[in-house]
Amino acid sequence: MSDSPMDQFLPDDRPREECGVFGIYGHKDAAQLTALGLHALQHRGQEAAGVVTCDQGHFYTHRALGLVGDHFSSQAVMDPLVGQMAIGHVRYSTTGDTLLRNVQPIFADFAFGGMAIAHNGNLTNARAVRKTLVARGCLFQSTMDTEIIIHLVAISLYTTVVDRMIDALRQLEGAYSLVALTRKKLIGVRDPLGVRPLVIGKLGDSLILTSETCALDIIGAEFIRDVEPGEIVVIDENGLRSIKPFGSSKQRFCIFEYVYFARPDSVMEGHNVYGVRKQIGKELARESHVEADMIVPVPDSGVPAALGYAEESGIPFDLGIIRNHYVGRTFIEPTDRIRHLGVRLKHNANAAYLAGKRVVLVDDSIVRGTTSIKIVEMVRSAGAAEVHMRISSPPTNNSCFYGIDTPKKEQLLASQMDLEAMAKHIGVDSLAFLSFDGLYRAVGESGRDPESPCYCDACFTGEYPTKLTDHSDSNGMPEQLTLLTESR
Ligand code: AMP
């Protein structure tokens, strides 16, 4: 344990989860299949990974900082993870230190037996509930909001584990797709608005719960259906049971999953993600055509939209920027200094193709603007005659409080500048974003219904579909959160 001053990471060590989850019931290779599923979900979290298995009432775990493949491939790690039930988690956090104590799944030994939980999403009243729990004497081991669920389950007066979970979740706001493992059950839960994804799959007689269908594909499992908003699925020796204890509300699935976060080969809520992104590119081409010689994606996230843009506009698609695949997503590096360095490490201009050309650059979003500035500079120094930037989403004006990491509002370029100033700031000849209606059309709607939008698009509109208790008053960080700094 180091004794570095706690204010070194106090402001940034916010409890946030941007993650992928996987759970399997009834397979002799449960741990191996979970590790493979997590590998397919690696884009959802690259900082840490963990697996918990259960065998005859005993739980086994391995959790580590880093990539799934770096930690879950050796026999020494995998052999002890025995049992036919497992859950796993990949974690993504761009803020603060990543500590082993913040790696999921988290496990607790209750009077009724052990339980492990893996969570994708963000609770928006976590700090408020945590304060109350701490005042009641609960001792927290991590800074994760997920641990709150564990404490609420522990103190619930209900008897069965499922009733205790329902009781716990009724006290929480925000977005959560959870998988939980008890001695006898695999449980999956999606919050009442279904903000984050969770799907059910099948491999032979085994049932699977996971964030994306790409995690089913990797192990040859069949996709059954999405877990419904507000649904709890309980999988045990009797098969799958579905409960809907939270009443019904209109779904508000996160539209940014389609824009950026999900893997393009996944199918979410009935839509192939790659197909949506291509359609977004077509909408963008219709909305903001510009005379140009080539359409160049910012790889990899801009590729499907750029293909759609090229198809619709008839302007040739070319790889004018080449990405080095051995560097992680730039955005995921925790500090600004590394983030800047990452952009240069990751992309290189294909100068032979760019020289003298009028280029349309297509990227999925502008967050701080760091990527765009570097990319535009690079394309210009490679000799491009004109550089036009097209963004396959509306301007990101607001922070996400539901599990996609975005910086504070003040750091979002679009919240600080108008279109013209942004174009100047990133150094382009023209800049255009996709419209709200264009985005909704790409997911099969006729446009965005302002009275009753069917997605969560708060990052673009500022209309948050849940209460934001932690963000609307003076509920600060409980002081005791950061008293422990682990050395790594
Ligand atoms: P920035 O450089 O801050 O403007 O970030 C924009 C780039 O980050 C885009 O190229 C996106 O592909 C990527 N991006 C956008 N949102 C996220 C996010 N929540 N997590 C990771 N990367 C992101």
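Buried here means under 20% relative accessible area, exposed means over 50%, and partly exposed lies in between, using a 1.4 Å probe and the protein chains only. By that rule Ser288 counts as buried, because its relative accessible area is 10%. The structure is a predicted model, in which local features need pLDDT of at least 70 and side-chain atom pairs count only at pLDDT 80 or more, while totals for chains, interfaces and linings use all residues. Residues are numbered from 1 along each chain as its sequence is written, and side-chain values use heavy atoms, with hydrogens and water left out.

Where does Ser288 lie? Look in the loop between H9 and S17; helices (H or I, at least four residues) and strands (E, at least two) are DSSP runs numbered from the N terminus. Setting aside neighbours within four places in sequence, Ser288 is in contact (heavy atoms within 4.5 Å) with Tyr309, Arg390 and Ala432.

## Helix H10 and its cover

Tyr309 takes us to helix H10, residues 303–313, where Pro304, Ala305, Ala306, Gly308, Tyr309 and Ala310 are buried. The cover over these buried residues of H10 includes helix H9 (273–287), together with strands S17 (294–297), S20 (358–363) and S21 (386–391). Just after H10, Gly314 has a positive phi of about 80°.

## Helix H13

Helix H13 runs over residues 370–381, 12 residues in total, and spans 17 Å from its first C-alpha to its last. That is close to the expected 16 Å, a value defined as 1.5 Å times one less than the number of residues. Its buried residues are Thr370, Ser372, Lys374, Ile375, Val376, Met378 and Val379. Just after H13, Gly383 adopts a positive phi of about 100°.

## Around the ligand

Now for some atom pairs. A polar side-chain atom of Tyr92 sits 2.4 Å from a ligand nitrogen, and an N or O atom in the side chain of Asp364 is 2.6 Å from a ligand oxygen. A polar backbone atom of Asp405 lies 2.9 Å from a nitrogen atom of the ligand. On its own the ligand has 500 Å² of accessible area, of which the protein covers 96%, with areas taken from the Shrake-Rupley method with a 1.4 Å probe.

Terms used. A polar contact is a pair of N or O atoms within 3.5 Å; within protein, one must be able to donate a hydrogen and the other to accept it, and residues adjacent in sequence count only if both atoms are side-chain atoms.
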